[in-house]
Amino acid sequence: MRELEHSRPADIEAESFRIIGAELAERGIVLPADQAPLVKRAIHTTADFDYARNLVFTPGAVEAGVRALRAGTPILTDTNMARSGINRGALERLGISVHCFMADPEVARRAAEAGTTRAAAAVDQGAALWPEGIYAVGNAPTALIRMAQLIRAGAMSPALILAVPVGFVNVVESKAEILALARARGIPAIAALGRKGGSTVAAALCNALLYQSGGREKL
């Protein structure tokens, strides 16, 4: 078997980002400096260059996210997959906790009583504990819909919203709603317009922000 040219994890990552940068240049895509690490991480995770076009940032969203992370703001996710995909070392260096309430029995009970989804009930739980937390949604549009309701009610004002659920039902509409509301209320937000997204993308965006916050080199 031929020896692989890039076999160490660090070398593979570096070569992957070199390829991504070269292909972006070939496509004539120039990313804003603050957004480039997040977009490249999303592409690296998915091998999908559509994220160079469909990731939308409210003004100052990246700066606000970095500032919140450096202040130790907790991250709340809508899946344990996203939670487990966020770099543990980067979290520990910054003293940041990550939470997902989807498997919480109390959240399940509240969802059943209210006739709603666990994702929506988990947002209620998160808002009660950390109304100004960082919310990373990669799966459940109902989480974004509930978040919009709570923001309008004055019950939460997230430090940053990562709105990247994937799917076909309520996905496009929920992203558009939360992005419009975030813009109107001055809440920092990053959204993947359209159907694409997912827990891996949510984790990738969190990691890109964590690496910037912790002083890791830019890619």
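How many aromatic pairs does a search of the whole structure find? The search finds zero. Keep in mind that this is a predicted model. The points below go from the whole chain to single residues.

1. **The chain overall.** The chain holds eleven helices and six strands. Its radius of gyration is 17 Å, close to the 17 Å that the globule rule gives for 219 residues, so the chain is as compact as a globular protein of that length. Along the principal axes, the C-alpha atoms fill a box of roughly 60 × 35 × 30 Å.

2. Of the 219 residues, 51% are buried. Take the contacts between residues at least 6 apart in sequence: 69% of them join residues at least 24 apart.

3. **Strand 6 and its partners.** Strand 1 and strand 6 run antiparallel, joined by three bridges. Here valine 56 has alanine 191 as its bridge partner. Strand 5 (residues 160-163) and strand 6 run parallel, also with three bridges. In this pairing, alanine 163 stands opposite alanine 191.

4. **Side chains of strand 6.** Which residues of strand 6 point the way opposite to Ala189 and Ala191? They are Ile190 and Ala192. All four are buried.

5. **Strands 2 and 4.** Strand 2 (residues 75-77) pairs with strand 4 (residues 134-137) in the parallel sense, over three bridges. Isoleucine 75 stands opposite isoleucine 134 in strand 4.

6. **Threonine 79.** This residue lies in the loop between strand 2 and helix 5 (80-85). Is threonine 79 buried or exposed? Its relative accessibility is 12%. The cut-off for buried is under 20%, so threonine 79 counts as buried. Leaving aside neighbours within four places in sequence, threonine 79 is in contact with Cys100, Asn139 and Ser199.

7. **A charge over a ring.** Look at phenylalanine 49. Arginine 27 lies over the face of phenylalanine 49, at 4.2 Å from the ring centre. Aromatic pairs, by contrast, number zero in the whole structure.

Note on methods. Residues are numbered from 1 along each chain as its sequence is written. This is a predicted model: local features need pLDDT of at least 70, side-chain atom pairs count only at pLDDT 80 or more; totals for chains, interfaces and linings use all residues. Side-chain values use heavy atoms; hydrogens and water are left out. Two strands pair if DSSP finds at least two bridges between them. Helices (H or I, at least four residues) and strands (E, at least two) are DSSP runs, numbered from the N terminus. Rings of Phe, Tyr and Trp (its six-membered ring) pair if their centres lie within 6.5 Å; planes under 30 degrees apart count as stacked, over 60 as edge-to-face and the rest as tilted. A charge sits over a ring if NZ of Lys or CZ of Arg is within 6 Å of the ring centre and within 35 degrees of the ring normal. Buried means under 20% relative accessible area, exposed over 50%, partly exposed in between (1.4 Å probe, protein chains only). Contact means heavy atoms within 4.5 Å. The radius of gyration is taken over C-alpha atoms; the globule rule is 2.2 Å times the number of residues to the power 0.38.
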